[in-house]
Amino acid sequence: MARNPYIVLGVSPAASDSDIRAAFRKLAKQHHPDRNPGDKKAEEKFKEVSAAFDILGDPERRKKFDRGEIDEDGRERGPFGRYSGPGAGAGGTSGGAYRNTYGNASGASFDDLGDIFADLFGAGRRPGAGPNFGGEGARMARGRDLRYRLEIEFLDAANGATKRVTMPDGKTLDITVPAGLEDGQTLRLKGQGERPPGGGLPGDVYVEVKVKPHETFTRDGADIHIEAPVGLKDAVLGGKITVPTVSGDVSVSVPKNSSSGAVLRLKGRGAPDGKGGRGDQYVKLKIVLPEGGDAELEAFVKGWSGGAKTARKSKAEA
């Protein structure tokens, strides 16, 4: 006869459901055959732990056990302590009523086992799958996840790209970089990790993306910021300048009397925002004088009194 399930899991009869689940997770992880290959004692201990949880992990079966209606093996007890059900013999034992706790359990306990193993090993489970302790269940185990750092260009992150990389295990993968990816984000490649020994579900590959800085663009969420040079004539009289964006060059109108530091907004010219839209691009104007100087401009400024008036006005306001 099996041992008392409370003793097997190391919990008291007053333990909460969450305490029982926690105890089972700890013991199942410790004694799982995939973590103890070839260790028969670990396999037997895992079976014992699974059988105990099959009773205590199901609230209804736990109540029946506490009331003495079923025993440590999950068999129903009849009047006067005799076993009932199909196969009960003269000695009061029941062969046919023995509950197969390694894959054929029914009710909530069965689903709980699958959920806990999905939690333990990171794998999904097919409907009706039993606990994962070897054989058929071993194929539910997942292999090791792999991690990789990928450095990409700023424009590739903004516009999307496909990159071919070689993983630490030597495998080559084509990674699709989605448009709008930001520095530090992680891509998950499902099922591209290692397979567990003896077969099973492969792990995943997690790719942490490092976006290289750009000499022209900086990014704030989905918004792009640049600084654009503008000539003095265009700044004073207004004009057109060509401005780069992450999706190509565009022509931008500079308003009259634009000061250096003025910011123009290009709506929808930023990076994809992940919601089907795009951010904006902000263009900070920087007035640039002719390289090497301009004699005509110098002569004009010498005879221009507007600068002095502006200076006096600013001083008076101060």
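Predicted model: local features only at pLDDT ≥ 70, side-chain atom pairs only at ≥ 80, totals over all residues.
Reader: How do strand 4 and strand 5 pair, parallel or antiparallel?

Author: Strands of a sheet pair through backbone hydrogen bonds in either sense. Here, strand 4 and strand 5 (residues 205–211) are antiparallel, with 4 bridges between them. (A strand is a DSSP run of E, at least two residues; pairing takes at least two DSSP bridges.)

Reader: What sheet do they belong to, and what's its order?

Author: An open sheet of 3 strands, ordered 1-5-4, with mixed pairing. Strand 1 (146–152) and strand 4 (186–189) are the edges, each pairing on one side only.

Reader: And which order does the sheet of 4 strands have?

Author: That open sheet runs 6-7-11-10, and its pairing is mixed too. Ile-226 sits opposite Val-283 in strand 11.

Reader: Which residues line the largest pocket?

Author: Leu-232, Lys-233, Val-236, Leu-237, Pro-290, Asp-294, Glu-296, Leu-297, Phe-300, Val-301 and Trp-304 line the largest pocket. (A pocket is an open set of points on a 1 Å grid where a 1.4 Å probe fits, with protein on both sides within 12 Å along at least five of seven lines; lining residues have an atom within 4 Å of a point.) Its volume, the space filled by probe spheres set on the points, is about 390 Å³. Helix 7 (232–237) and helix 8 (295–302) each give at least two residues to that lining; helices are DSSP runs of H or I, at least four residues.

Reader: Where is confidence lowest, and where is it highest?

Author: Helix 5 (residues 108–121) is lowest, with a mean pLDDT of 43, and strand 10 (residues 263–266) is highest, at 96. (pLDDT is the predictor's confidence in each residue, from 0 to 100.) The protein averages 77, and 75% of the residues score at least 70.

Reader: Over which residues does pLDDT stay under 50?

Author: Residues 82–139, for which the model has 116 contacts beyond four places in sequence, a contact being heavy atoms within 4.5 Å.

Note on methods: Residues numbered from 1 in each chain as written. Heavy atoms only, no water.
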